Amino acid sequence: CRQGSAAASAFAFVFASACGLIALQDWQAKGDVTKFGLCSSFMTFLRPGDFCVGHSTHSVMKIPDDKMAHIFMAGLGAGLAPFRAFVEERKSQKSQGHKIGPSTLFFGGRYSKTEYYYRDEFEAY
């Protein structure tokens with residue numbers, strides 16, 4: 001299974017299975033109590049062979065039809081995954097000989113060393 005998520009799958013790629021980009025969410029609440037995100041905590045405790053039922057939704061995020069349009073992207077943590085699809089799509093278009101416009105990614109996270117997912121892919125592009 002390839003690293004990524006269904007949300008991060010470019011149109012040019014077909015997967016036999018999907019992987020998720022799951023980032024454990026935790027924070028300090030009042031009274032110095034550590035709180036954990038419901039979904040990310042659940043997913044973190046799944047082990048190989050466990051089943052998790054989910055469904056995909058139709059995305060409202062669309063890559064422009066105009067291949068020369070400048071794409072501005074802003075993502076936080078696992079919210080970066082959909083923009084990976086945009087970059088993969090542009091990469092695929094370029095490899096097919098199409099001329100493509102620029103892409104700009106604004107990434108925000110507390111710790112870039114641990115939260116900048118797909119860093120190598122984005123910087124190579």
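Arg-90 is a residue of helix 2, and the model in which it is seen here is a predicted one. Helix 2 has 15 residues, of which 12 are buried, so this helix is largely enclosed by the rest of the structure.

**Helix 2**
- From its first C-alpha to its last, helix 2 reaches 21 Å, which is close to the 21 Å expected at 1.5 Å a residue.
- After helix 2 comes Gly-97, a residue whose phi is positive, near 90 degrees.

**Arg-90**
- Although Arg-90 is buried, it has no salt bridge, and the nearest side chain of opposite charge, that of Asp-66, is 6.4 Å away.
- When residues up to four places away in sequence are not counted, Arg-90 touches Ile-63, Asp-66, Lys-67, Ala-69, Ile-71, Ile-100, Gly-101, Pro-102, Ser-103 and Tyr-125.

**The largest nonpolar core**
- This core has 11 residues, among them Ile-63, Ile-71, Met-73, Leu-80, Tyr-116 and Phe-122.
- At least two residues of this core are supplied by strand 3 (71-76), and at least two by helix 2 (81-95).
- In soluble globular proteins, nonpolar side chains tend to be buried together.
- Met-73, leaving aside its neighbours within four places in sequence, is in contact with Phe-83, Phe-86 and Val-87, and its other contacts include Ser-103, Thr-104, Leu-105 and Phe-106.

Notes
Residues numbered from 1 in each chain as written. Predicted model: local features only at pLDDT ≥ 70, side-chain atom pairs only at ≥ 80, totals over all residues. Heavy atoms only, no water. Core = buried A, V, L, I, M, F, W, Y, C linked by side-chain atoms within 4.5 Å. Buried < 20%, exposed > 50% of the residue type's maximum accessible area, 1.4 Å probe, protein only. Helix = DSSP H or I, 4+ residues; strand = E, 2+ residues; numbered from the N terminus. Contact = heavy atoms within 4.5 Å. Lys, Arg positive; Asp, Glu negative; His and termini not counted. Salt bridge = Lys/Arg side-chain N within 4 Å of Asp/Glu carboxyl O. Expected span 1.5 Å × (residues − 1).
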